[in-house]
Amino acid sequence: MNVNLYGCRGKWIMVDLGMTFSGGEYPGVDLVFADLDFIEQRREDLLGIVLTHAHEDHIGAVPYFAKKLGVPLHATPFTARLVAAKLEEEGILDQIELNVVNDLDEFELGPFGISYVPLAHSIAEGNALLIDTPFGRVFHTGDWKIDEEPQIGTPATAAELSEIGDEGVLALVCDSTNVFNPESSGSEGEVYRGLQLEVAKHKGKRVLVTTFASNVARLQTLGAVAKATKRKLCVAGRSLDRMIEAGQASGYLKDFPKPVDFDTAMSLPRGEVLIVATGGQGEPRAALSRISEGNHQLSLEAGDVVLFSSRQIPGNEIAIGRIQNRLAEQEVLLVTDRQSLIHVSGHPGRPDLEALYSWIRPEIIVPVHGEIRHMREQARFGLSCGIPKAVFQQNGDLVRLAPGKPGKIDEVRAGRLVLDGDMIVPADGDAIVMRRRLSNVGMVSVAIDATGAVQVDALGLPLDADRQAFLDETRRDVEDALAAARKARAEPDKRREAARLAARRAAGRWTGKKPQVLVMMATER
């Protein structure tokens, strides 16, 4: 969930405003955001938000915070189109200034001069930013790779990047995701040839390819593969439909074949259709998951083939494995990038990083976009490749690049927020903490009416057949504790605590767990 802030002479710009998806760490929550408290307190000095590209971890939080921040957005046409759709869905498009940067024109925001530099990535219009300041220039890569055969767009050449380096670059703020990969990331052209060969192998079989919806270059490739293998294309997944529409409206996917509908796809001979579907990361509501469960208009049979033309995002292994096991149980053949060249990464391996260092020749390397181990390694790698200085930073670190010695000078608040229902709340707030506890240990509720009568209930405890016996015994324990507290003339708060402890001890005795205990006590007559 990328959010980067650059400050100069008291003014700030934000580069990207992304989100991430929640896992089991935040029960009942789908989306996670960066806490923007630092810049919200300086809103009057924030000049704008500049978006590098349209992946969710770079733009996903825009509809939730753009109105509150109240500053203009800047994006290239394809990214702007997808952002506008998000703002319209939220009902705030007419309240946000969205500036479309055509032809990569340079623009200024206060002391910052900003230029887009096109780089290859797994989405249309992946861009670096060249940020000019009175104290030097920053080359902020965004997400990038080197691709000798890009299928979408025209990345900056080595000569163009070297020219930027010739003019001097203070700091290279650089994607670290694939720093441990000893090989270059590979080309989309290689994937086209690999996918064509793989699909051609499976004559007479229905072939489904699952990939990231945002990978417009891969969609272009799959359209070409469908034509080359004489198959009709069928698209399954609303996010794919949206991406194709946005891509074509922005001048991409010009030769993309017109997809057939689900009924037509199922009526064609199995060897004459190529399905492109969402869900390769195990998303339970996506098309591939529903197909594997038999809950979709499209279906697969024994001998059909599913190609996973995407990398497995860490944390999704179990969800992906469930889908793959369901498909394997149906005798569907599974092919991943470990078996065939049907996917390449959108991020730079070590040879790519080394090449960029040689072109840009910065004074400072600042690793971003990766886990701590990735960023530490890129700092070491940059120094070993001759970059004079490296600055390692973590979330919340305030770093000075110039003037003076570069390095960390302060720490600011950098927590997490979550979208919980319709509310954005702290990720470490009481509601999430309590929900996490309840999911681990369950709950016992104790209700004491005005006459002193006690009722007990329990949720999430491993009782099953013993449930009623537990409730009866716990009720008696609570009644005994209350009687003792009354005899001792205890205050209401102490009686409440006596009831809570009695119920918790009973739960521990029966289950070995220490549940949350909720005591509701009326004023006694």
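How many of the 13 residues of helix H7 are buried? Of these residues, 10 are buried, and H7 is therefore mostly covered; buried means under 20% relative accessible area, exposed over 50%, and partly exposed in between, with a 1.4 Å probe and protein chains only.

The structure is a predicted model, in which local features need pLDDT of at least 70 and side-chain atom pairs count only at pLDDT 80 or more, while totals for chains, interfaces and linings use all residues. Residues are numbered from 1 along each chain as its sequence is written, and side-chain values use heavy atoms, with hydrogens and water left out.

**The chain**

The chain contains 16 helices and 26 strands; these are DSSP runs numbered from the N terminus, helices being H or I with at least four residues and strands E with at least two. The C-alpha trace spans about 90 × 70 × 50 Å along its principal axes. Of the 525 residues in the chain, 52% are buried.

**Helix H7**

Helix H7 covers residues 216–228 and reaches 18 Å from its first C-alpha to its last, close to the 18 Å expected at 1.5 Å a residue. The expected span is 1.5 Å times one less than the number of residues. Among the buried residues of H7 are Val216, Leu219, Leu222 and Val225. Their cover includes helix H4 (77–90), helix H6 (188–201) and strand S13 (207–210). Lysine 230, which follows H7, has a positive phi near 55°.

**Backbone features in loops**

Most residues other than glycine have a negative phi, and most peptide bonds are trans.

| Residue | Phi | Relative accessibility |
|---|---|---|
| Glutamate 125 | about 60° | 16% |
| Leucine 253 | near 55° | 2% |

Glutamate 125 lies in the loop between strand S9 (112–118) and strand S10 (127–133). Leucine 253 is found in the loop between H8 and helix H9 (262–267). A cis peptide bond, with omega about -5°, joins alanine 402 and proline 403. Proline 403 belongs to the loop between strand S20 (397–400) and strand S21 (407–411).

**Serine 289**

Serine 289 is located in helix H10 (residues 287–293). Why does serine 289 count as buried? Serine 289 counts as buried because its relative accessibility is 2%. Its side chain forms a polar contact of 3.3 Å with that of arginine 326. A polar contact is a pair of N or O atoms within 3.5 Å; within protein, one must be able to donate a hydrogen and the other to accept it, and residues adjacent in sequence count only if both atoms are side-chain atoms.

Terms used. Contact = heavy atoms within 4.5 Å.
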